[in-house]
Amino acid sequence: MKHLLSVADLGADGIDELLRLTDSFVEVSERTIPKVPALRGKTVVSLFFEDSTRTRISFETAAKRLSADTMNFS
């Protein structure tokens, strides 16, 4: 598993790869139903100690676009 703590950790090749990946999600977001089956059958659970509505909704939206079920705890 790889953790991204800073954009400096990516290097030029990593940044190029990330930009190619984001291009593919532009196509997904333009679909009538903007979903991909990457997390189908999985549940994503979010636990926020300091709840931020914007952050919570962003995480939940991302999980749902990847076809995951979601649960949130505050």
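The protein has a radius of gyration of 14 Å, whereas a compact globule of 74 residues would have one near 11 Å. That radius is taken over C-alpha atoms, and the globule rule is 2.2 Å times the number of residues to the power 0.38. The C-alpha atoms fill a box of roughly 35 × 35 × 25 Å along the principal axes.

This is a predicted model, in which local features need pLDDT of at least 70, side-chain atom pairs count only at pLDDT 80 or more, and totals for chains, interfaces and linings use all residues. Residues are numbered from 1 along each chain as its sequence is written, and side-chain values use heavy atoms, with hydrogens and water left out.

Two helices and two strands make up the elements. From the N terminus they run α-β-α-β. Helices (H or I, at least four residues) and strands (E, at least two) are DSSP runs, numbered from the N terminus.

Buried residues make up 11% of the 74 residues. Buried means under 20% relative accessible area, exposed over 50%, and partly exposed in between (1.4 Å probe, protein chains only).

Now to the aromatic rings. Rings of Phe, Tyr and Trp (its six-membered ring) pair if their centres lie within 6.5 Å; planes under 30 degrees apart count as stacked, over 60 as edge-to-face and the rest as tilted. The count comes to one aromatic pair. The ring centres of F48 and F59 are 5.8 Å apart and their planes stand at 90°, so this pair is edge-to-face. F48 lies in the loop between β1 (43-47) and α2 (53-65), and F59 in helix α2, so the pair ties together parts eleven residues apart in sequence. F48 is buried, at 14% relative accessible area. F59 is partly exposed, at 49% relative accessibility.
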